[in-house]
Amino acid sequence: MILSKRHIYNNSTVSKLSVICVLFGFLFSGSTYSQETERTVLTLEKNWRFHRGDVENAFSQSFDDSKWETVTVPHDWAIKGPFDKEIDKQTVAIVQNGEQVATEKTGRTGALPYIGVGWYRNNFSIPNSSADKKVLLLFEGAMSEPEIFLNGKKVGSWNYGYSYFYFDVTDHIRGNGKNTLAVKLTNRELSSRWYPGAGLYRNVRVIVKNKESIDQWGTFITTPVITSELAKVNVKTKASGKDLKMVTKIQDAEGKTVASDTAHTIYGDEFEQNIAVENPKLWSPETPYLYTSVSQLYAYGILKDEISTRFGIRSIKYEAEKGFSLNDSIIKFKGVCLHHDLGPIGTAVNKSALRRQLTILKDMGVNAIRSAHNMPSLEQLELCDEMGFMFLAESFDEWAKPKVENGYHLFFETDAEKDIVNLVQATRNHPSIVMWSSGNEVPDQWGSDGAKRAKWLQDIFHREDPTRPVTVGMDQVEATMASGFGAVLDIPGLNYRVHLYEDAYKAFPQGLILGSETASTVSSRGIYKFPVVEAKMKQYPDFQSSSYDLEACSWSNIPDLDFVLQDDKPWVIGEFVWTGFDYLGEPTPYDTAWPSRSSYFGINDLAGLPKDRYYLYRSRWNTKDETLHMLPHWNWEGREGEITPVFVYTNYDSAELFMNGKSMGIQKKNMSSPTHRYRLMWMDVKYEPGTIKIVAFDADGNPVAEKETHTAGKPYKLVLEADRTQLDADGKDLAFITVSVVDKNGIPCPIATNQLKFKVKGAGTYRAAANGDATSLEMFHLPTMKLFSGKLVVLVQSDENAGEIELTVSGKGLKTGKINISTKN
Ligand code: GAL
């Protein structure tokens, strides 16, 4: 989390920052840079040339790329599709799902064209540097197997698409003239279990600094002593150069310096400073207070480098029987797992899309995120620091033994250590990270080699960061009890296997268990199936799953079973539900059916719209706000007189249901079964069109809240609602506009599937749309889509000129909807 103070530039973006720097600097090759400043960070965003497929000599500086497509980075070359069932079709038996016979899996990796080679080229200039500059080329992820060429020479390569990595390119850079960067990426088939995306999907930066400078990721800030009067902040800083001095200032959230220290002594290549901060404000999910450490490096008395690192003051403890505590208070992880794709915009990292996800999760009461099953984006970590989420940062889905033919096992022996080192060094100053994970359901859980690997990896994490424990998400719980694998880990993580928690707790020596992955309940937003019964791997002809939230996989369970463990066992330290949002790929239970190309596991759908389950979790996790949610919808033409159960997810203990004014009785949560403990259920309601109403009672039996659902008439009018009505005019910011259709009386039409069209005018562009239907083959980037269960979401992106954006949504026979969004610089 290293921010270079004042000196982040976007190439060919004339930002306010660069205008200021003109005062000190000079104009070069159309971009402005400061010569005086200690370091320059150039983010290569614009004017990339991109080509699908391999091309001879594309690495050479003189190569003519003028016919290639112009793109901005972050970029995902596959998200525009089209979907195609033949792409990465995998005829396999998924052993970890208990399959013994190979079947043809379509859509397992999203059915989007990510396989093959892609080339990117970018021309850039750096400030006219003299011989004493050092230049680094930094990639925050590149999918995958990037090979990197600068000015026609290969400067390096990396294998793992999720890793952050950099190369020192001082010997290859031209200080006075054009530099040409070329990157080749190769995605193999059978290399993933989900949609990994394709291309330069995270940021690429050029860092120009002095030879005497702070090392990349060379800062490590910890807070070993915390009392209410004082925190000891330990700042370790690796630096290069002679006759060095380090001045470190700690600033509070308002930028006021609250403590500082000057160190003349360097231990080997590292300064170590211990700085007292008085009356520290602690970081927590409720109070995500952040400090900044500003490190200034002097050589022979001259300022040579300066970086700013954000950090938080907080303590973490994991104790047998007691559990996990943050700042000395026991707290359970109310977590969700997330894959890295952002639905309709694919994997190209975008901060406003990430912020929207976290805003939705915050309202649900989530306090922790697990980056399944790989390194998170740095943007996501920054947001978790700011918004208050704890983070379980994971590294691998495979070690030496394969899950998929071309998976990470190909690189494990040679790369695992350096991938972990980069993960830890690049992210360890984020207060949000409270645990590392070295693996997910690795087949190495079997046998003694696996236990050795678990220890080897854990030792690397400990060496790089002695302050946080390491877990592995284990699904082969019995094997890990027998082999010693589970005993090695700091924190034993169980994926599913609710029936084995007790045994594991007794067998493992740690005295606590983490639900590292839980539930994997499947549902489709707004779709309800009858009869309402619990089921595993249930399939329907429309390839949807029921939103009564009673369907799971052969290996997984409904949320209620996890709630029981979380509530009754103090030694269970929390859970990470699979998953917070639907993601591209892994369309279980329809992985052999077509069309079906994205998951059903999400608590929210691929468009980010909440499914019913959202309210089930919210009723437990959001302890501040009222939750009173009723399902299903009440538009069941043709089901008159048939049993149509009504469920209510609420933080209240009891409620009374009325259908067209008639009481259907009072239900009270009770211990007779896990579902009755957490849901209010009226199982015998016979459908009549009209109104269902729920009245909730407080503990004394007083009515305190009510909600109604009405049968809707014909779709009449489109209604638009934006998550934000003001955007930054930075060419990246996004507004998410939920479009729904209502009848003449304004009642939402829950089964509408009208085809809609989108038009954007003014200071922005149409970016994408999504409706959350896992079976839809409509492309996200085209300005038309069908409603799914009466809703969809349109993404509108600002351009770089401040002004007004107008989105118009129309559909045949429907009153058009319009919304304005303003943008500012
Ligand atoms: C787990 C696995 C996840 C996902 C999930 C689906 O076993 O770790 O990546 O596949 O199952 O239920």
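**Exercise 1.** State how many salt bridges the rule finds across the interface of domain 2 and domain 3, and identify the residues.

*Solution.* The rule finds one salt bridge across this interface, a salt bridge being a side-chain nitrogen of Lys or Arg within 4 Å of a carboxyl oxygen of Asp or Glu. Arg310 and Glu386 form a salt bridge through their side chains, with N to O at 3.0 Å. The model is predicted: local features need pLDDT of at least 70, side-chain atom pairs count only at pLDDT 80 or more, and totals for chains, interfaces and linings use all residues. Residues are numbered from 1 along each chain as its sequence is written, and side-chain values use heavy atoms, without hydrogens and water.

**Exercise 2.** Locate domain 2 and domain 3, and count the residues that each gives to the contact.

*Solution.* Domain 2 covers 213-311, and domain 3 covers 319-520 + 555-601; the bounds come from an automatic or database domain assignment. Their centres, taken over C-alpha atoms, are 30 Å apart. The contact (heavy atoms within 4.5 Å) involves 15 residues from domain 2 and 23 residues from domain 3.
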